[in-house]
Each structure stands twice: as C-alpha cells, then as structure tokens.
Amino acid sequence: MKASKILWILAFVCLIDSIGFGIMIPLIYSYGKKFGLNKETLGLLTAAYSLAQFFATPILGGMSDKIGRKLLLVICLFGTCLSFVLFGMAGSLTMLFLARILDGLTGGDISVAQAMVADISPSSERAKNFGILGSAFGLGYVIGPAIGGLLSGFGITVPFFFAAALSLTGALLSLIFLKETHPKKNTKQARFIYRSLFTIFKRPVAGPAVLTGFLLTTAQFVMLIGFQTFSSDKLKLTPTQTGLFYGGFGLTGILMQMGVPLINKWISSRALILLGSTICCAAAMLFSGLATGMISFAIGIGAYGFFNGLRNPMLNAIIADHSKVSEQGEIMGINQSYTSIGQAVGPAIAGLAAAISLQMPFFLAGVLILAGLAASIRLKHRATE
C-alpha cells in the first residue's frame, strides 16, 4: 500500500474519531447533572480521563513498537466505542467516571497514528504529513460540538451512541483497509518503565520538545477557558454565537496546518519555525488580554489560532526525526501523555485566573507561552547541534 493511501486513511480515521470526541464537549455537564455532576466533579471527571491517558498512552505506544501499530490502533478505537456506549447507558456518576477512565486508557490512538505517520514519511515529508493529520483532528474538534448539539435535540444520549458508531466505523476501516506500517521486530511482551516519563527530559532533543509541547498545550487550554468566560460575560455572546466564534478559531489553525509544505520551502529548520510561531502566539495572547471589544478580541484570538496551528506538526516532526525507529511509538506516547496533562492542568489554573479578572487567563496563557518560548529556544539549539 502506498504511503499516501495510508496517510489519507489515517487522516479519515482521525477525523471521525475526533468528531466523536468533539461531540462530547458541549454535553457532558448538562448530561451529568442528573447524576449529581457539578462544577467541582466536572473538573474531576476531566482529570480522570486525562490521568488515565497520561499513564496509558506511553504503554500503548511502546506496545505498538513491539507488536505493530495497526492492532493497537484498532484496539484503541474499539475501546473508545465501548466507552461512549457506557457513557450513554450510565445510570450513576460512578459509571460516568468508569466510562471516561476507559476512554483515557484506550486513548492511545493519537500517538499510534502519529507513529504510523512517522513510519511512512521520509524526513522531508514529515512536517507536511503531520500537518495533514493535525488538520483532520482539528476539523473534527470544530464540527464535533456542532453535531453533538444538533443530535441532542433527538435525545440527550443520542450523540453518545452516534459517537460510538463513529469510533466503531474507524476501527472497522482500520481493520479492513489499513496496512501495518511497523512490522513486528520483537515478539516479546512490550514493557514500559514509568520512569521514562521523567527520564525523557534528559534526551537532548525529545526532552525540550516534550516540555515545549506541554507548556504550549497548557497555555492553549488556559486560553479556552478565558475564551468562554470573556465571550459570555464581556461580549455577551449567546452559546450559538460562541460556538461559531470557536469554530472560526479552529479553522484558522487548520488553514495554517495546510500551509505547512509551503512554509517548509521557505524555512527548512522546523525548530526555527516553531520558535517564530511561539513568539507570534505570545504576542497574540497578550494582545487578547488587552482587548476590550469584539473586533480587537477576534484579531488576537484569530492570530493565536493561526500561528498555534504550527505547533504540533513541527514538534511531532522534530521528535520523529530524533528518535530511533524502534522507539518512536513509545516517545510519541510519552509526548501525548504530557499533552493530556496539559489539557487537565490548563482549565484548572484558568479557573483561578478567571476569578481574578476576565483578562487574567490570557495573561497567564501568555506567561506559559513565554516559558514554552524559552524551552523552544533550547530545542532549536539542541536540534541544530
């Protein structure tokens, strides 16, 4: 099977999987209320998913290095399908937590898909191919919430079963049409040592890359909380208007990811591209914090979304370029683990910042991006040594 066909199958699988994830976003809180879910336990529910993913994804990534990518991808998608079914059939708050933990434990599909892209891509094509994969994920996250909102009109549990059907479709497509990209080279049971989650930072290139990704992901999820509170309390937007606004923000990142091949023609150093985009993100976030009206806020958020679209394609390509073929799955899994922690930490600290002022989350996100800038400077130095 040609690499291009594998890439587009992966992109389609990732699209429908991310749509399923996006469907959950606007519905979890309202659905969980009937089981006693409140603002405090909503944070715990989010953290349960992220923590399960933190510990599971490097194991799954490491296993894919041993037994092959395709099998692990299919298992993860089936696990996600089951988690959506359990969530829709839940009769208690405990069942909601079990469903989200199961989704986190089998949430290694992202890192496995990234490892498959690394397998089939020559170094010169990696940033472009990761950009295509990122665009597929991004598009799913944009349209997923809208689909969830529309389907909820037919019943609050309907979107969850629809998401389960999407994950099942992705699993079957992968099983039938996707070819293995990493032939088994070691049939021994895969082992993962958890200290690798910490010793990763001793690696000269992968360490700064993972740290940069963690800081920038945390900043993004701080921004998302600020985005919601500012849109509602300051701009007085309706939920529908906020959703459309968020969709526009998501599309800016997708457009940038589609332009990765052209950018790579102009600038060959991925570390330099990452450094430049991080500087622009920091400026855009600080500008957003100073915004007082719709137009200035849209400019700041739009600019941030645009340049933030370069983050994952560049980081994933850098990590793949500086990792052995036999360990790419494990390292991609570790990177995804820290991404999941950033997704949990960001909203938690953003809530505290928003209690101070509506602008504070944007300034906090700016500080985190500046910390990520320092890490990306180190990364550029290490990557070019």
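**Entry 1: confidence**

I began with the confidence scores: the protein chain has a mean pLDDT of 85, and 94% of its residues reach 70 or more. I noted that pLDDT is the predictor's confidence in each residue, from 0 to 100. This is a predicted model, so I kept to its rules: local features need pLDDT of at least 70, side-chain atom pairs count only at pLDDT 80 or more, and totals for chains, interfaces and linings use all residues. Residues are numbered from 1 along each chain as its sequence is written, and side-chain values use heavy atoms, with hydrogens and water left out.

Over residues 186-190, pLDDT stays under 50. For these residues the model has five contacts beyond four places in sequence. Contact means heavy atoms within 4.5 Å.

**Entry 2: salt bridges**

How many salt bridges does the structure hold? I found five. A salt bridge is a side-chain nitrogen of Lys or Arg within 4 Å of a carboxyl oxygen of Asp or Glu. Side chains of opposite charge can pair when their charged atoms come close.

I looked up Asp119 next. Asp119 pairs with Arg69 in a salt bridge, and their closest N and O atoms are 2.8 Å apart. Asp119 sits in helix α6 (residues 109-120) and Arg69 in helix α4 (residues 69-88), so this pair ties together parts that are 50 residues apart in sequence. For helices I used DSSP runs (H or I, at least four residues); strands are E runs of at least two, and both are numbered from the N terminus.

Is Arg69 buried or exposed? Arg69 counts as buried, because its relative accessibility is 0%. Asp119 counts as partly exposed at 22%. My cut-offs: buried means under 20% relative accessible area, exposed means over 50%, and partly exposed is in between (1.4 Å probe, protein chains only).

Lys128 was my next stop. Lys128 forms a salt bridge with Glu125, with the closest N and O atoms 2.6 Å apart. Both residues lie in helix α7 (residues 123-151). They are three residues apart, about one turn of the helix. Lys128 is partly exposed at 28% relative accessibility, and Glu125 is partly exposed at 29%.

Then I checked Asp321 and Arg270. Their side chains meet in a salt bridge of 2.3 Å, N to O. The pair links distant parts of the chain, 51 residues apart: Asp321 is in helix α15 (residues 311-321) and Arg270 in helix α13 (residues 270-290). Asp321 counts as partly exposed at 28% relative accessibility, while Arg270 counts as buried at 11%. Salt bridges that share partners join Arg126, Arg270 and Asp321 into one network.

**Entry 3: cavities**

Rolling a probe the size of a water molecule over the atoms shows where empty space is left. I worked on a 1 Å grid over the protein atoms alone, where a cavity is a set of points at which a 1.4 Å probe fits but cannot get out. Lining residues have an atom within 4 Å of a point. Grid points are joined across faces, edges and corners, and a volume is the space filled by probe spheres set on the points.

I found two cavities of 30 Å³ or more. The largest cavity holds about 60 Å³ of space. Its lining includes Leu216, Leu274, Tyr304, Arg311 and Ile369. Which helix gives the largest share of this lining? Helix α13 does, with four residues. Both α13 and α14 (294-308) supply at least two residues each. By class, this lining has six nonpolar, three polar and one charged residues. Ala, Val, Leu, Ile, Met, Phe, Trp, Tyr, Cys and Pro count as nonpolar, Asp, Glu, Lys and Arg as charged, and the others, Gly among them, as polar.

The second largest cavity has a volume of about 40 Å³. Val13, Cys14, Asp17, Leu73, Asp109, Ala113 and Phe137 line the second largest cavity. Helix α1 (3-24) gives the largest share of this lining, three residues. Five of the lining residues are nonpolar, none polar and two charged.

**Entry 4: two single residues**

Ser111 is in helix α6. Ser111 is buried, with a relative accessible area of 0%. Leaving out residues up to four places away in sequence, Ser111 touches Thr57, Met332, Gly333 and Gln336.

Last, I looked up Ile25. Ile25 lies in the loop between α1 and α2 (28-32). Ile25 is partly exposed, at 49% relative accessible area. Ile25 and Ile341 are 316 residues apart along the chain, and their C-alpha atoms are separated by 17 Å.

Key. On a 1 Å grid over the protein atoms alone, a cavity is a set of points where a 1.4 Å probe fits but cannot get out, and a pocket is an open set with protein on both sides within 12 Å along at least five of seven lines; lining residues have an atom within 4 Å of a point.
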